[in-house]
Amino acid sequence: MKIYYSYYSHLHQRNNSKRMTKITVAKGDGVGPEIMDATLSILQAAGAQLEIDEIEIGEKVYLSGNTTGISPDAWDKIRTNKIFLKAPITTPQGGGYKSLNVSTRKFLGLYANVRPCKSYHPFVKTKHPVVDMVIVRENEEDLYAGIEHQQTDEVVQCLKLISRPGCEKIIRYAFEYAKQYNRKKVTCFTKDNIMKQTDGLFHQVFDEIAAEYPEIENEHWIVDIGAAKVADTPEHFEVVVMPNLYGDVISDIAAQITGSVGLAGSSNIGEECAMFEAIHGSAPDIAGKNIANPSALMHGSLMMLNHIGQSLVAEKIHNAWLTTIEQGIHTADIYDEKTSKQKVGTKEFAAAVIANLGNKPSSFEPIQYGNRAALKLPTYQKKAPSLKELQGVDLFAHWNGTNPNEIAEKLKGIETKNTKLVMITNRGIKVWPNGFKETFCTDHWRCRFQPATGDTFSKEEIIQLLQNAENQGLDIVKTENLYAFDGKRVYSLGQGQ
Ligand code: NAD
């Protein structure tokens, strides 16, 4: 017996091994308790040195009136133990409930979401017999900052935030992961042909960091064709790093094409804490029926064992699991009359894996992890500040008219002695001067003011412009300052400008 529950104090006292790692465990909702029990039984039988500190999170906590789905006490345990094995949870439908998955990742600074996706052909039916890729998804930034506002009757906005530390951390993690797992290539996906500042920064940092790893091949794809290639020719990829939203979408595609969402686990890695889970949700449609596949959570737990330095146990379980899959002992989600031999339930599948502990697969390559302990990355070093120069301002106006020339006339009326209106765009398209009459205009107008002569522009000008707009009854809903950093313009031009 190597797994101890800290609330069973007699067991806790009997076993005081120095190698024991205390982890927080949440059994979650839906199929969560079944797949967690199956996973823990395998870990225990394989000799994992774990002390379990169980917490309650998810639906019950939400429905008790706590809209965060987690109590302060449970947070304390997660932060103290630092290693968190989590089953899926259900977020109740309807407004007001925060996604605990998103808040856990952000509060704990779990910047790297690592999702290995692999095919088990010919034992698990898949259209893609050769898939062995690892998606490394940035986990904290991008549109998932969740900063959204309605600004006019017709327009809402979501702020896409990409930071240099965020890019450096996730991209370095991807290269270090490739090094540790003997992967030969790291691919980056962005949409920097369109988002030249945000995705442009991600791509630029990728190029900078890739240069530090000459032994690893690197490549960049525009995300749309990259995603198509993942769905069509996944064997092309090894480690793929990308910003949050693309990673969310593409990692589900990558998991699904291997045969079932019930197979892939994931880790969420931070500088202090780490969380391990299945990639799938709580599957309420099959909950309580002993039919869920526990493999995804089990794979998450193997990533955990590697992270805490128990790679030998991870290796033993992984080989027993591959043997079980080869034997055709399959849960319903991957059962196929032609390729499977025996359809089993959650508990029976776990028992079959346990019975195979010590066995090595004969068709699949046996797993040899070696040392796969947590990656130690250098802490981010702040760069010297750049020379920052204000070059103008964009005022965003809420105006219900449709003729750009009319709003241009009003805006000319608010120019100051040192500023002039240079451009108006609507949803990014230049509509003044010289716009197309065919362009559809909403009630949300970006109005760019720059120095009337020379380059100098001060914040006083912005205050004056806003005061003039207010005096003229123009509804300004937000402003964005236009900067050059070290002489380089770092704001977008209007499309067509
Ligand atoms: P889901 O992943 O729970 O289910 C999608 C489909 O896959 C269902 O048909 C389900 O039966 C099947 N499936 C999932 N896991 C399986 C397994 N282990 N074995 C066999 N079949 C499996 O996605 P959903 O239905 O969109 O979401 C259900 C709930 O889970 C929602 O409340 C959602 O918010 C939550 N969710 C939680 C997490 C998490 O906790 N990390 C992630 C995604 C969704």
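Helices here are DSSP runs of H or I with at least four residues, numbered from the N terminus. One of them, α2, is followed by glycine 47, whose phi is positive, near 90 degrees.

A quick word on the model: it is predicted, so local features need pLDDT of at least 70 and side-chain atom pairs count only at pLDDT 80 or more, while totals for chains, interfaces and linings use all residues. Residues are numbered from 1 along each chain as its sequence is written, and side-chain values use heavy atoms, with hydrogens and water left out.

Let's look at α2 (residues 32-46).

The axes are lines fitted to C-alpha atoms over the stretch in contact, and angles between N-to-C directions run from 0 to 180 degrees.

| Feature of the α2 and α11 pair | Value |
|---|---|
| Packing angle | about 115 degrees |
| Distance between axes | 10 Å |

Which residues of α2 and α11 meet? Ile42, Leu43 and Ala46 in α2 meet Val313, Lys316 and Ile317 in α11, where contact means heavy atoms within 4.5 Å.

Ile317 turns up again in the largest nonpolar core, which has 77 residues; Ile317 is among those touching the most other members, along with Leu85, Ile171, Val241 and Leu305. Such a core is a set of buried Ala, Val, Leu, Ile, Met, Phe, Trp, Tyr and Cys residues joined through side-chain atoms within 4.5 Å. Helix α6 (residues 164-180) gives the most to this core, with eight residues.

Key:
Helices (H or I, at least four residues) and strands (E, at least two) are DSSP runs, numbered from the N terminus. Buried means under 20% relative accessible area, exposed over 50%, partly exposed in between (1.4 Å probe, protein chains only).
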